[in-house]
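User: I'm new to this structure and would like to learn how to read it. Could you walk me through a few features?

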Amino acid sequence: MMFRFNLKGNGRSAIAASVKPKHGALRYVARITIKRLSLLVALLAVSVSAMAQDTSIVGIWTLAAADKLLPDGTRVADYGPNPHGLVIFTANGYYSLQIYRAERLKFASGDKFKGTFEEYQDASLSMSVSFGRYTFDPAKHTLTFQTDRSSVPNRDDTTAVRSYELNGDDLSWKVAPRQDGSVPITTLRRVK
């Protein structure tokens with residue numbers, strides 16, 4: 001921006017002052033603007049990518065059903081009516097899974113070290129608990145559990161691959177058939 005005004009005494013116009021922004025200031029403003037736009041574009045890209053990737057299972061899931069499919073095709077409750085459970089999948093590949101029957105036999109003594117055979121048997125059969133690492137493959141529709149420890153000692157230090165279905169906030173998978181031919185089915189709902 002330039003200003004002109006008359007100088008007294010000679011009647012000629014002259015440039016008395018020239019006010020121009022310095023080139024360094026313009027470059028600084030341009031750099032800041034470009035950085036902010038780049039950050040905004042990056043954030044938008046991450047948001048769009050997160051929205052497009054609904055296949056992530058990271059988070060907390062509550063048990064919706066713990067059923068079993070019988071050899072004749074009948075589906076029945078495996079842990080009684082209204083089972084309780086929670087599964088947690090962490091972003092760095094760990095999982096924790098707990099399934100419990102709603103009605104469980106209490107220890108008459110109140111001490112888990114002084115239970116009866118029936119109390120110990122019911123406690124063991126009324127739960128399915130494990131933790132370890134997992135991998136999730138949306139392309140193959142597989143969920144692989146690398147179990148560190150389980151309520152069934154035979155599953156400690158084992159790997160199991162499960163086919164899964166993910167429909168919005170509902171996740172389910174089938175477990176390998178048991179000796180009686182029944183197939184357990186775990187159904188979970190995402191906690192929001």
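User: Let's begin with a helix. What do the buried residues of H2 pack against?

Analyst: Keep in mind that this is a predicted model. The buried residues of H2 pack against E7. Helix H2 covers residues 117–125, and its buried residues are Glu119, Asp122 and Ala123.

User: Now the strand. Is serine 130 buried or exposed?

Analyst: For this one you need a cut-off: a residue counts as buried when its relative accessible area is under 20%. Serine 130 has 12%, so it is buried. You'll find serine 130 in strand E7, which runs over residues 127–137.

User: Which side chain makes a polar contact with the side chain of serine 130?

Analyst: That's tyrosine 95, with a polar contact of 3.1 Å between the two side chains. If you skip neighbours within four places in sequence, serine 130 is in contact with Tyr95, Ser96, Leu97, Thr147, Arg149 and Ser150.

User: How many residues are in the largest nonpolar core?

Analyst: It has 18 residues, and those with the most contacts inside it include Ile57, Trp61, Phe89 and Trp173. To see where the core comes from, go strand by strand: E3, E5, E6, E8, E9 and E10 each supply at least two of its residues.

User: Which residues does tryptophan 173 touch, not counting those up to four places away in sequence?

Analyst: Quite a list! Among them are Phe89, Leu97, Leu143 and Phe145, along with Arg162, Tyr164, Pro184 and Leu188.

User: Let's zoom out. How many helices and strands are there in the protein chain?

Analyst: The chain has two helices and eleven strands. Reading from the N terminus, the order is β-β-α-β-β-β-β-α-β-β-β-β-β.

User: And what percentage of the residues count as buried?

Analyst: Of the chain's 192 residues, 24% do. For the surface, the chain exposes about 13,600 Å², and carbon and sulfur atoms supply 59% of that.

Technical notes. Residues are numbered from 1 along each chain as its sequence is written. This is a predicted model: local features need pLDDT of at least 70, side-chain atom pairs count only at pLDDT 80 or more; totals for chains, interfaces and linings use all residues. Side-chain values use heavy atoms; hydrogens and water are left out. A nonpolar core is a set of buried Ala, Val, Leu, Ile, Met, Phe, Trp, Tyr and Cys residues joined through side-chain atoms within 4.5 Å. Buried means under 20% relative accessible area, exposed over 50%, partly exposed in between (1.4 Å probe, protein chains only). Helices (H or I, at least four residues) and strands (E, at least two) are DSSP runs, numbered from the N terminus. Contact means heavy atoms within 4.5 Å. A polar contact is a pair of N or O atoms within 3.5 Å; within protein, one must be able to donate a hydrogen and the other to accept it, and residues adjacent in sequence count only if both atoms are side-chain atoms. Accessible areas come from the Shrake-Rupley method with a 1.4 Å probe; for residues, only the protein chains shown count as cover.
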